[in-house]
Amino acid sequence: MTVRDALNSAIDEEMSADPKVFVMGEEVGQYQGAYKITKGLLEKYGPERVYDTPITEAGFTGIGVGAAYAGLKPVVEFMTFNFSMQAIDHIINSAAKSNYMSAGQINVPIVFRGPNGAAAGVGAQHSQCYAAWYASVPGLKVLAPYSAEDARGLLKAAIRDPDPVVFLENELLYGESFPISEEALDSSFCLPIGKAKIEREGKDVTITTFSKMVGFALKAAEKLAEEGISAEVINLRSIRPLDRATINASVRKTSRLVTVEEGFPQHGVCAEICASVVEESFSYLDAPVERIAGADVPMPYAANLERLALPQ
Amino acid sequence: LRMTCQVRQGNTCTCRSSNPLPIYIVKNNFFLLSSSLNLLQPFSSPILLVLFFAYMAIWFARSRNLVSTMRHNLGLSAIFVKRDYSPRPVVFTNSQLSSTVFLSPVTSLRHESTAVEKQPELVQQSDEEDAQELNFPGGKVGYTSEMKFIPGSTSRRIPCYRVLDEDGKIIPDSDFIPVSETLAVRMYEQMATLQVMDHIFYEAQRQGRISFYLTSVGEEAINIASAAALSSDDVVLPQYREPGVLLWRGFTLEEFANQCFGNKADYGKGRQMPIHYGSNRLNYFTISSPIATQLPQAAGVGYSLKMEKKNACAVTFIGDGGTSEGDFHAGLNFAAVMEAPVVFICRNNGWAISTHISEQFRSDGIVVKGQAYGIRSIRVDGNDALAVYSAVRSAREMAVTEQRPVLIEAMTYRVGHHSTSDDSTKYRAADEIQYWKNSRNPVNRFKKWVEDNGWWSEEDESKLRSNARKQLLQAIQAAEMWEKQPLTELFNDVYDVKPKNLKEQELGLKELLERQPQDYPPGFHV
């Protein structure tokens, strides 16, 4: 199943199960979704539940939050998370902090989803990874699926979750197909939020990463296996809450850590993982932690430059 | 709409109309005409007269079209004609939704809403003009070969709806919804209580007992009369200068005090600074500091109420300054497009901290912005409790029965400082403040009316004020003494369920307090 179909089926099933769930975003309805993630939903559920918005991220995010305040369960799509910056006040100040500030009187069961991070040849304003930014905010949950199973399970969990969830997809993964189990195809399938997945077991080094880089890490693990190094690849799945237990347990087993992400290096997700491992598993480390991240430059457009600005 | 045109001596002409606005357009054209005619003075008069009548004929035909178009599109009938809107019966039809249980009125209402605008034409359009229409996305539009820019504003401002004059007497032939003695007395009592509450909490801040406060002095009529006009199911999304709405709905003076002191009884659990009240039970959303964010949220709440087919609307407040925010545009535009039942109430009180409205916008206030979004709007005297009551009540009915947003601009004056962090005498004249405080006081004005009806006496007045004052002082004293929140509340409500890392931190803090109690002030208990 492709990631696209996985996401589509997850939204479809959740909308069918709960009439309060509705989808909102630019081009989600008649255009079938800018990346076709919401294909077929307009025909099935009608224009009130698959709502094409005017172009104002601040506007429709605010509206989504208001609808969530009043008891609906919006799934707000950003064409890319780069555009979410125009709405970030609503995501942080109206959604993330509301439950706390209102002492539990206002909860916000909203999901913000869309492609995050680099695509191919889209330049600086369309390529930033927002995992670190959103994951630093208490009150939000931040998820980053990799495979089709991740996409299905995590999105269903996100829609059912009573807290605001930022769901970071990846444009280049949409078309990729993954094997999927029968269990994952069931409509009640759900993955737990806050649990990482060990994609490949190993004993010599731990590689932690999320989203598209999981594929890279697995390929790297293959190459390492040829050299006789057994790498354990952890797919984080959940950036906030971070599964520190799994990461640390793995590091204590392997004693070496390589963290990988596509985003900017400073204050990134990798930095948080390093801090966690240093705090909790310091004596188990045989070598300093290696961080692999995107180059500390706004994403260039030229294909050769872009390739070098991301982990290869 | 009726227009008669009487040509008097030569160039001047007066027109009478039951609709004041078009007169202006007429007058403008005539000034243009007369000035151009003056230029033609040197030419012989018969030619002049022919030209004049020819121009008149063409102009008259055009202006009728202009007038009727304006009446059409600006929805002026709602403002100037005595309340002739008829609530549309809500028609429920099966929509395209086959898999869900609820029936949606949306599809039929979407067509109905645009149908509402097709008012019967009181002025016939000429056949030539019907043919001169162009098709564009968005519908047919007539065209003209005369290049004319719509003025940035009409030279006469949109008038303000009022019922009571400054002496508290009902203006003869006013449109208004009658208010019973019980309701009127309750409204007055609450307005006076709000005044006392503001005064005492402000003083408490000055004495250092609370950290911050924000008064609604001068805006008591907007606060109370709007609340009185709503149903308790209507969901209120305030800005921050509307505690009167919460007071009306039943929030007690003790509850207000508890929030200001952030004590254990505060429903907000001490999480926010003073005046950030909220109550789920009373349908009043917890106040959030960023300006205007509540406007698109209100559209979302309205949409939710619409989808659940509730007999309720969202009501949201904003100041004049807040309308400059991008969220104002998004909120109003969306509410109109989604046909959501939202009443937008703008308190135009003249000042956004130190920014006067002349520096805030160049439009004729906020009421004219409604029509830019296709929203029915009214300007009301915000210091006239009866006018505010009628306007909000009507707007609420429109919003719910027609499932569409309505905009109310309530004109008023911010008598107090912006907040306790502000000293407004630094940027405005003290006598301006005194004038509004004394001569244009909304509480006194309503009091006169209530007294004239024999429903209120001086004895009632002194009893109310002294009781309110006593109750407030007691509430403050009690709130001050009440212990603060237990420290567990530091870690609660970040998420629906407390996550592991916070549980660990809470445990860590508890252990620290037990180990070193001498390092922490008394009352720091977990």
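**Notes on the model**

1. A search of the whole structure finds 23 aromatic pairs over all chains. One of them is A:Y130 with A:W133, an edge-to-face pair with 5.2 Å from centre to centre and 90 degrees between the planes. Rings of Phe, Tyr and Trp (its six-membered ring) pair if their centres lie within 6.5 Å; planes under 30 degrees apart count as stacked, over 60 as edge-to-face and the rest as tilted.

2. Some reading conditions apply. This is a predicted model, in which local features need pLDDT of at least 70 and side-chain atom pairs count only at pLDDT 80 or more, while totals for chains, interfaces and linings use all residues. Residues are numbered from 1 along each chain as its sequence is written, chains are lettered from A and ligands numbered from 1 in the order in which they are written, and side-chain values use heavy atoms, with hydrogens and water left out.

3. A:Y130 is buried at a relative accessible area of 0%, whereas A:W133 is partly exposed at 42%. Buried means under 20% relative accessible area, exposed over 50%, and partly exposed in between (1.4 Å probe, protein chains only). A:Y130 also pairs with A:Y134: the ring centres are 6.4 Å apart and the planes stand at 45 degrees, so this pair is tilted. A:Y134 is buried, with 0% relative accessibility.

4. Two charges over rings deserve a look. The charged end of A:K36 sits over the ring of A:Y31, 4.1 Å from the ring centre. B:R271 lies over the face of A:Y100, with 4.0 Å to the ring centre. The criterion is that NZ of Lys or CZ of Arg is within 6 Å of the ring centre and within 35 degrees of the ring normal.

5. How many salt bridges does the structure hold over all chains? The count is 50, where a salt bridge is a side-chain nitrogen of Lys or Arg within 4 Å of a carboxyl oxygen of Asp or Glu. Side chains of opposite charge can pair when their charged atoms come close.

6. One salt bridge in chain A joins A:K156 and A:E14, at 3.1 Å from N to O. A:K156 belongs to helix 7 (residues 148-160) and A:E14 to helix 1 (residues 3-17), so the pair links parts of chain A that are 142 residues apart. Helices (H or I, at least four residues) and strands (E, at least two) are DSSP runs, numbered from the N terminus. Both ends are buried: A:K156 has a relative accessible area of 0% and A:E14 one of 5%.

7. A:D161 and A:K141 form another salt bridge, at 3.0 Å from N to O. A:D161 lies in the loop between helix 7 and strand 6 (165-169) of chain A, and A:K141 in strand 5 (residues 141-143), so the pair ties together parts 20 residues apart in sequence. A:D161 is buried at 10%, and A:K141 is buried at 12%.

8. In chain B, B:R209 and B:E480 meet in a salt bridge of 3.0 Å, N to O. B:R209 is in the loop between helix 6 (181-206) and helix 7 (220-229), and B:E480 is in helix 16 (residues 458-481), 271 residues apart. B:R209 is partly exposed at 30% relative accessibility, and B:E480 is partly exposed at 31%. Elsewhere, salt bridges with shared partners join B:R162, B:E166, B:D381, B:D384, B:R440 and B:R445 into one network.

9. Helix 16 of chain B has 24 residues and reaches 35 Å from its first C-alpha to its last, close to the expected 34 Å (1.5 Å times one less than its number of residues). Its buried residues are B:E461, B:L464, B:A468, B:L472, B:A475, B:I476 and B:A479. Their cover includes helix 6, helix 9 (253-261) and helix 15 (442-452) of chain B, with contact meaning heavy atoms within 4.5 Å.

10. Chain B as a whole holds 17 helices and eleven strands. Of its 526 residues, 50% count as buried.
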